[in-house]
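User: Could you walk me through this one before I set anything up?

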Amino acid sequence: MRGSSGWGRSFVDADLGTGRFAAIDDVADCAAHVILDGLADPTRLAVMGRSYGGYLTMASLVWHPELFRTGVAVCGMSDLATFFAGTEPWIAESAAHKYGHPVRDRELLRSLSPMSRVDELRVPLLAVHGEHDTNVPPGESEQMVRAARERGLPAEMLTLRDEGHEFRRADNRRLFRRTAADWMQRHLGR
């Protein structure tokens, strides 16, 4: 597992461009660690994340399909090409440094996109998104859920009304937490 003794430049830049593949493996390494230490039941392991963590959730499910029993992806990117096409221009400009340039690095972005490996998805997926998210447009979750359903997998989309990339309304935060907890119980419960 990669790591850092602080939050310096090497930590911040560790997953730029092709380093994203190592970040996906980091999630699997963390899961393996808690399993080996007896802290987690390998038959009841889930992955969940928000924004970049939502991307890592989807990526983890398709790069390591044997590891997790379900996932909850919140405001995550499923296809970096459609993300770049749909996000705010200022975010696209900033994200090009992090992920790759949408034109010059098109093949890298395709290979880093969970949608490019969606045939590897084996487990149920819950996607959560604010209906007015302009940072990571809701279409990113919608296309992943649609692809999962087309493959016969349980997949649901919770769209939070009157929300953007951040969930500000207390009623929506409660709905999100309750829906995620119910999803985990349904797919991990004994």
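This is a predicted model: local features need pLDDT of at least 70, side-chain atom pairs count only at pLDDT 80 or more; totals for chains, interfaces and linings use all residues.

User: Ok, how many helices and strands does the protein have, and in what order do the elements run?

Analyst: The protein has eight helices and four strands, and from the N terminus on they run α-α-β-α-β-α-α-α-β-α-β-α. Its radius of gyration is 16 Å, close to the 16 Å that the globule rule gives for 190 residues, so the protein is as compact as a globular protein of that length.

User: And what percentage of the 190 residues count as buried?

Analyst: Of the 190 residues, 46% count as buried, while the accessible surface comes to about 9,700 Å², with 52% of that belonging to carbon and sulfur atoms.

User: Switching to the strands, in which sense do β1 and β2 pair?

Analyst: Strand β1 (residues 46–50) and strand β2 (residues 70–74) pair in the parallel sense over five bridges, and Val-47 has Gly-71 in β2 as its bridge partner. Together with helix α3 (residues 52–63), the two strands make a right-handed β-α-β unit.

User: Which residues of β1 are on its covered face?

Analyst: Val-47 and Gly-49 make up the covered face of β1, whereas Ala-46, Met-48 and Arg-50 lie on the uncovered one. In a regular strand, side chains alternate between the two faces of the sheet.

Technical notes. Residues are numbered from 1 along each chain as its sequence is written. Side-chain values use heavy atoms; hydrogens and water are left out. Buried means under 20% relative accessible area, exposed over 50%, partly exposed in between (1.4 Å probe, protein chains only). Two strands pair if DSSP finds at least two bridges between them. A crossover is right-handed if, with the strands pointing away from the viewer, the path from the first strand over the helix to the second runs clockwise. The radius of gyration is taken over C-alpha atoms; the globule rule is 2.2 Å times the number of residues to the power 0.38. Accessible areas come from the Shrake-Rupley method with a 1.4 Å probe; for residues, only the protein chains shown count as cover.
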